[in-house]
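User: Could you walk me through this model and tell me what stands behind each label?

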Amino acid sequence: MPPSSRVVLLGLLLIGNAVAAQPEASSSVPGARRIELSPEGTEGVSEVVVSPGLSTMLLFDSELQRESIELEDRQRFSLVDVGQATLRIVPSVSTTPGDRFKMTVRFRNGAAPSTAVFLLKVHPAKAEATIEVYRNQRTIETYQQEIRDARAEVLRCKGELARMASDHEMPGGLTGLLIHDGLDPSGVAGQVLTRDIAKTPASGLKATTFKSYRSSKLVAVDVWIEVKSGALPWRAEGATLKDRSGQELKVLHVWQATSILPGAVSSGERTTWVLTMAPCLTGGTGCEAEGKQQG
C-alpha cells in the first residue's frame, strides 16, 4: 500500500468478555462490588454469586418497580425482599452449588436502561454480601433525537444513491456530452499548455506536461507528473486551478488510475486528470495549477 501524507493510527483495545459483561468501579460501601449499567444495555448479564442460607443485598441508585421483579424458580429462595431501591435475596438450602437463576429487575422512571438482568450463581459459601448497581441513565428524548438524525441520514443517502443510479443510467463518452449540452459542432479542442501554466513546486514531484481538452462547457486538464527517485509513490486527492488573476476555478473531479511510482516512464502511469468548467481556458488565458497530495 503506498504511504500517505495523512497518517492514521489505528489502535486496537482488546477487552475480555467478563470485563465487558460486568463493568466495575469503586463502591461507596466498603467491601461491596459495584456494577454500572450502560443506557444501551451493552454490558449484558451481570453475574452475582449467592450461597444457600446467606444474604445478598443489591443496592440500586434508582427506584424499582417492586411488583415487576422476575426471578427464575423463585420458590427455591427462602427470602426475596424488594424495597424501594434495594433487593435482598437468600437462596434456600434446596439450592446446590452450580445452580444458576436468572433475575430481571425493572426501574420505575422512563430513563434507559429500563431493566437490568442478573445471573445468580450458587456457591457453597462465597456469597457476595453487598452489590451496588448504578445506571448511567439516558432519557427517551435523546433516543428519539438519535432516531430522527438517523432517518435524516438515511434520506440523504437514498437521495445520493438515486443520483448515482441516474448518472449510471446515462450514457458516457461523446453521447453523454451531447445529452448534457456539453458538446457543440466545434467538437473537442485539444491544446498543449505546458509553457502557459505556472506550476507550484512540490517536494519530490515535477509536473512535466499540461494538456487541455475543451468542449462547450467543460475542460479536462491532463497533467503528467514525475516522482523523483527516492521519493514515495504519489496520488492526488484534490486539485486547485486558478486563472491569471488569482481567481480559483471550480474543480468538478480529479481522477488518477493508480499511484505514480518513482521513475514511471509511460504517460498512463503518470497522468492525473482534472475536470473543471469551460470558462477556465477561454481565449487561451493561463492558469496556475496546484495538486493536493494524498500519498
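**Confidence, cores and sheets**

Analyst: Gladly! Let me begin with confidence: the chain has a mean pLDDT of 74, and 67% of its residues reach 70 or more. Keep in mind that this is a predicted model.

User: What makes residues 1–25 a stretch to treat with care?

Analyst: Their pLDDT stays under 50, on a scale that runs from 0 to 100. The model does have 30 contacts beyond four places in sequence for residues 1–25. Residues 280–286 also have pLDDT below 50, with 13 contacts beyond near neighbours in sequence. Where pLDDT is low, the predicted coordinates should not be read in detail.

User: Why is the largest set of nonpolar residues called a core?

Analyst: The term asks for buried nonpolar residues joined through side-chain atoms within 4.5 Å, and buried means under 20% relative accessible area. The largest such core has 24 residues, and Leu58, Phe60, Leu87, Phe118 and Leu120 are those with the most contacts inside it. Two or more residues come from each of β1 (33–37), β2 (46–50), β3 (56–60), β5 (77–82), β6 (86–91), β7 (100–106), β8 (115–122) and β9 (130–135). The top contributor is β8, with four residues. As general background, nonpolar side chains in soluble globular proteins tend to be buried together.

User: Which residues does Leu58 touch, leaving aside its neighbours within four places in sequence?

Analyst: Contact means heavy atoms within 4.5 Å, and on that basis Leu58 is in contact with Ala85, Thr86, Leu87, Ile89, Met103, Phe118, Ile131 and Val133. There is also a second, separate core of 15 residues, which includes Val221, Ala236, Ala239 and Ile260.

User: How do you know that β3 and β6 pair, and in which sense?

Analyst: Pairing needs at least two bridges. β3 and β6 have four, in the antiparallel sense, so the pair qualifies. Within this region, Met57 stands opposite Arg88 in β6. On the parallel side of the count, β3 and β9 share four bridges, with Leu59 opposite Glu132 in β9. β1 and β9 are also parallel, joined by five bridges, and there Arg34 stands opposite Glu132.

User: Why are β1 and β5 called edge strands?

Analyst: The open sheet has five strands in the order β1-β9-β3-β6-β5, with mixed pairing. β1 and β5 each have a single partner strand, so one side of each has no neighbour in the sheet. From one strand to the next, the twist averages 15 degrees.

User: What makes β4 a member of the four-strand sheet, and where does it stand?

Analyst: That open sheet runs β2-β8-β7-β4, again with mixed pairing. β4 (70–71) and β2 are its edge strands, each pairing on one side only. β4 is joined to β7 by two bridges, and the two run antiparallel. The cut-off is at least two bridges, so β4 and β7 do count as paired. Glu70 stands opposite Thr104 in β7.

User: Why is β13 described as largely enclosed?

Analyst: Eight of the ten residues of β13 (residues 218–227) are buried, so the rest of the structure largely encloses this strand.

User: And what partner does β13 have?

Analyst: Strand β12 (residues 205–214) pairs with β13 over nine bridges, in the antiparallel sense. Ser212 has Val221 in β13 as its bridge partner. β12 and β13 form a hairpin with three residues between them. Val221 also belongs to the second core.

Terms used: Residues numbered from 1 in each chain as written. Predicted model: local features only at pLDDT ≥ 70, side-chain atom pairs only at ≥ 80, totals over all residues. Heavy atoms only, no water. Buried < 20%, exposed > 50% of the residue type's maximum accessible area, 1.4 Å probe, protein only. pLDDT = per-residue confidence, 0-100. Axes fitted to C-alpha atoms, helices over the stretch in contact; angles between N-to-C directions.
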